[in-house]
Amino acid sequence: MIANDKAVNRGVAPVTYGQGERPPRGDYSTARGDYTCDQNWSAYTAQEHDLYRRLYERQAAQLEGLACDEFTAAVKHLGAPERIPRFDELSNRLYRQTRWEVVAVPGLIPEEAFFALLAKRRFPVTGWIRGPEEFDYVVEPDVFHDLFGHVPLLFDPVFADYMQAYGAGGLKASRLDACELLARLYWYTVEFGLIQTPQGLRAYGAGILSSAGELRHSVRSGEPSRVPFDLQRIMRTRYKIDSYQSTYFVIDSFQQLFDATAPDFTPIYRAVRELPEIEAGAVLPGERLIAAS
Ligand SMILES: [Fe+2]
């Protein structure tokens, strides 16, 4: 997950998009220059492993009919649900499949550091796990969100390439002052994306797949607007950080996502800046919506 680097420039720790001045959770004192750190697996307590298991089991029980097949098939690569995985063991399995690895970070990290890691096919995973009182909802991404939500699809070759391309695009967006527009693409695909399949709508976004309630809401509820994937439409659309999304964007395939985001974004950023922003949940005149599954 990305943090905004404005606060870093002021000499304090990074903050999340839209979270104001609250410092991020996590111990940044052990982080290296690229924000990675050791996982310190032996420091997890039995209660923390058990919390991970309960979170894992709650989500795994909901996947059928709501998560995309690629995700469901790859979850097993995380290993036994009884304990928080060792990142080095997981990385060995992942590297063999798609040449990605997971690396530990203290928590949210600045945008540029995040993009640089993705561009090198290294996925940053938060080391700490939420407390038992946060079982249903945690504000910042923890080890469960990062692992369960994000890592399974890194075993998919096309999605894995998309993530690397996103990182490379992010480094470029930083130079073009377009990170906010690009962050919306991450939000509406990697975090909250839906995919149309022959069996119906399915979720592939990590924010959905690691959420207790949003998985069913995103696929089945009649409330939110579901809009066919459109790059400029996404970059114009605000998002919600403190409730279920009121707009989801639907892709047809991971290849569509990869192909649509392959061109140089420079003229696209320019075009988007000329157009008004769109509120989360708003539907444009004449827009085709996709029905709940
Ligand atoms: Fe995430």
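Residues are classed as buried at under 20% relative accessible area, exposed at over 50% and partly exposed in between (1.4 Å probe, protein chains only). The structure is a predicted model, in which local features need pLDDT of at least 70 and side-chain atom pairs count only at pLDDT 80 or more, while totals for chains, interfaces and linings use all residues. Residues are numbered from 1 along each chain as its sequence is written, and side-chain values use heavy atoms, with hydrogens and water left out.

A search of the whole structure gives 18 salt bridges, defined by a side-chain nitrogen of Lys or Arg within 4 Å of a carboxyl oxygen of Asp or Glu. Arg 32, partly exposed at 41% relative accessibility, pairs with Asp 38 at a closest N to O separation of 2.6 Å; Asp 38 is exposed at 59%. Asp 34 and Arg 122 form another salt bridge, with their closest N and O atoms 3.5 Å apart. Asp 34 is partly exposed at 29%, as is Arg 122 at 22%.

The iron ion is coordinated at 2.0 to 2.1 Å by NE2 of His 145, NE2 of His 150 and OE of Glu 191. Donors are N, O and S atoms within 2.8 Å of the metal (3.2 Å for Na, K and Ca); water is not among the atoms, so sites may look incomplete. Along the chain, the donors follow the spacing H-x4-H-x40-E. His 145 is buried at 8% relative accessibility, and Glu 191 is buried at 1%.
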